[in-house]
Amino acid sequence: MKKLRFSISKGYPTQMKENRNIHQDSVIGLSRDKEGRLWATAGHIAYGHIGVFCGENADTLEELYPAAAGFQWGKAGVAFQGTRYPDGPYARGEFWATGLWIDPETGVFHALIHNETGWSAEDSAYTVFRQETGEPDFRHIGYITSGDQGRTWQFERWAITSSDPCYTYRYQPDGLTGGQTGDIVNLGAGDLSVFYHEEQRMLYVFYSMLWYDVDGRDVAADKIYCARAKRNADGKLGEFEKYCDGAFCMAGNCGRETAVMAGGSEPCVAYSETIGRYIMTTYNRRRWYEGKTTLQVSYSDDLVTWSKPELCVEAHEELSLPYLTLCGREKGKPHHTLGDTFDLLASTNNTDVLRFEVKVEAYEENI
């Protein structure tokens, strides 16, 4: 079974910086257009701004302009066109710039966004415990599009919602009843990245769900899930189907789901030409808490059957970071196609994004 050995450089600065009001807090949205240019979305809509970047590769990305939402966000009942989440509560809060895909036929930008109930929602913010700003709050994944290269975005719909309702009996928003009752609470679907499979014409979304220990006041488990959608004839993405029990067969919103990997969060998926396999990077939460190297990798031959995560390098003083984005360097290929050398963009909450140069070589693991 072929795997990779990693050699990772020191971190180099990028133009995604705090002092430029880019407060990065997720995997970065990356995609190449039909001309081969690399585009990126980075930042918060609520803190600083979401910047739209473009360049030949990760080392030449420059911000072109800020992204603007063509819809309101913030307070429940107004935010996201006044919609309700598919599991019941009114949508609220801000969104994070993350999964980006540029349709090569139309040039339309598509993005899957991370949203939380506890931030930038004024007095409608809520967490597991009560009406309040902060964490542990709940996540949903939305779908937005832009017809002007990321300058303005329109809200399309809520795309992926966990099978567990994103509220508890401790606080039931908007007059709802029910909610999660256990002491280990699922905080919903978010913290995502996307992978476009050109032959299948499918957009895969790899997303995190974490479970929170109410008594211990800590994360109890991290798991990765997968859903996918086809491009419709109208150029929009169709409804997402979740992977469950060996097939993509459950509704993206509120359908059941089966984890494709456990023991990591914030997935980023790419195809390694070096070994002819898919790889997924995630971060190890416990090692992050301890200030140790977090970068780990899993392998797959089919995008849904993944190996257990293993550390890429045992020690790297700059890589105790949670947000890790893979980026290939060949202009004529998708950014998620990786050769023997590629880039890794990395940051932690609201810090400058660093670029690491990665070299890999194949080796055969004896099983």
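β7 (96-102) gives the most to the lining of the largest cavity, contributing three residues. Strands are DSSP runs of E of at least two residues, numbered from the N terminus. The structure is a predicted model, in which local features need pLDDT of at least 70 and side-chain atom pairs count only at pLDDT 80 or more, while totals for chains, interfaces and linings use all residues. Residues are numbered from 1 along each chain as its sequence is written, and side-chain values use heavy atoms, without hydrogens and water.

Three cavities of 30 Å³ or more are found in a search of the whole structure. A cavity is a set of points, on a 1 Å grid over the protein atoms alone, where a 1.4 Å probe fits but cannot get out; lining residues have an atom within 4 Å of a point. Points are joined across faces, edges and corners, and a volume is the space filled by probe spheres set on them.

| Cavity | Volume | Lining |
|---|---|---|
| Largest | about 100 Å³ | 15 residues |

Ile28, Ser193, Val194, Cys268 and His335 lie nearest the centre of the largest cavity. At least two lining residues come from each of β2 (29-32), β7, β11 (184-197), β17 (265-272) and β21 (323-327). This lining has eight nonpolar, seven polar and no charged residues, where Ala, Val, Leu, Ile, Met, Phe, Trp, Tyr, Cys and Pro count as nonpolar, Asp, Glu, Lys and Arg as charged, and the others, Gly among them, as polar.

How values were computed. 1 Å grid on protein atoms, 1.4 Å probe; cavity = no way out; pocket = protein on both sides within 12 Å on 5 of 7 lines; lining within 4 Å. Helix = DSSP H or I, 4+ residues; strand = E, 2+ residues; numbered from the N terminus.
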